[in-house]
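The sequence and structure follow.

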Amino acid sequence: MAKTILIVDDSASVRQVVTIALKGAGYDVIAGVDGKDALAKLNGQRVHLIISDVNMPNMDGITFVTEVKKLPAYKFTPVIMLTTESQEDKKKAAQAAGAKAWVTKPFQPPQMLAAVSKLIAP
């Protein structure tokens with residue numbers, strides 16, 4: 001059974017690139033357009049990993065991760081931040097919220113898949 005990854009990004013093109021790469025590597029993918037949408041889509045659904053952008057409308061990625069980690073079902077779910085942000089204070093805020101890895105856009109799919117495989121195996 002394939003592991004499920006939730007990708008959260010307000011960019012349809014980024015969601016598409018990440019989804020294609022993850023599905024090609026054998027993962028199932030759920031996508032959300034922002035933190036608020038992603039929280040609604042989780043709804044108790046089992047996910048093995050979350051990949052989230054930082055800057056999104058309605059609910060930013062750091063707030064989203066903070067809210068996800070409050071939910072017992074997702075307390076130990078690893079999170080990768082996938083973002084254009086490179087500021088150290090944003091990275092520290094994401095780590096404090098519970099993110100385990102940081103991938104900076106633009107990225108190559110193998111780079112993102114390497115970060116994923118460090119946290120979960122297909």
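This is a predicted model: local features need pLDDT of at least 70, side-chain atom pairs count only at pLDDT 80 or more; totals for chains, interfaces and linings use all residues.

Lys 105 forms a salt bridge with Asp 9, where the closest N and O atoms lie 2.7 Å apart. This pair links distant parts of the chain, since Lys 105 sits in the loop between strand 5 (101-104) and helix 5 (109-119), whereas Asp 9 sits in the loop between strand 1 (4-8) and helix 1 (12-24), 96 residues apart. Asp 9 counts as buried too, because its relative accessibility is 1% and the cut-off for a buried residue is under 20%.

The side chain of Lys 105 also meets that of Asp 53 in a salt bridge, at 3.5 Å from N to O. Here again distant parts of the chain are linked: Asp 53 belongs to the loop between strand 3 (49-52) and helix 3 (61-70), and the two residues are 52 residues apart.

## A pair within helix 2

The count of salt bridges comes to four, and one of them joins the side chains of Lys 41 and Asp 37, with 3.4 Å from N to O. Because Lys 41 and Asp 37 are four residues apart in helix 2 (residues 35-42), about one helical turn separates them.

## Helix 1 and its two faces

Helix 1 has 13 residues, which at 1.5 Å a residue should span 18 Å, and this agrees with its end C-alpha atoms, which are 18 Å apart. The buried residues in helix 1 include Val 14, Arg 15, Val 18, Thr 19, Ala 21 and Leu 22. These residues lie on the same side of helix 1, because they cover an arc of only 165 degrees around the axis.

What do the buried residues of helix 1 pack against? Their partners are strand 1, strand 2 (28-32), strand 3, strand 4 (79-83) and helix 5. On the face turned away from this buried side, helix 1 carries the exposed residues Gln 16, Ile 20, Lys 23 and Gly 24. Just after helix 1, Gly 26 adopts a positive phi of about 100 degrees.

Definitions and conventions
Residues are numbered from 1 along each chain as its sequence is written. Side-chain values use heavy atoms; hydrogens and water are left out. Buried means under 20% relative accessible area, exposed over 50%, partly exposed in between (1.4 Å probe, protein chains only). The expected span of a helix is 1.5 Å times one less than its number of residues. The arc is that of the directions from the helix axis to the C-beta atoms. Contact means heavy atoms within 4.5 Å.
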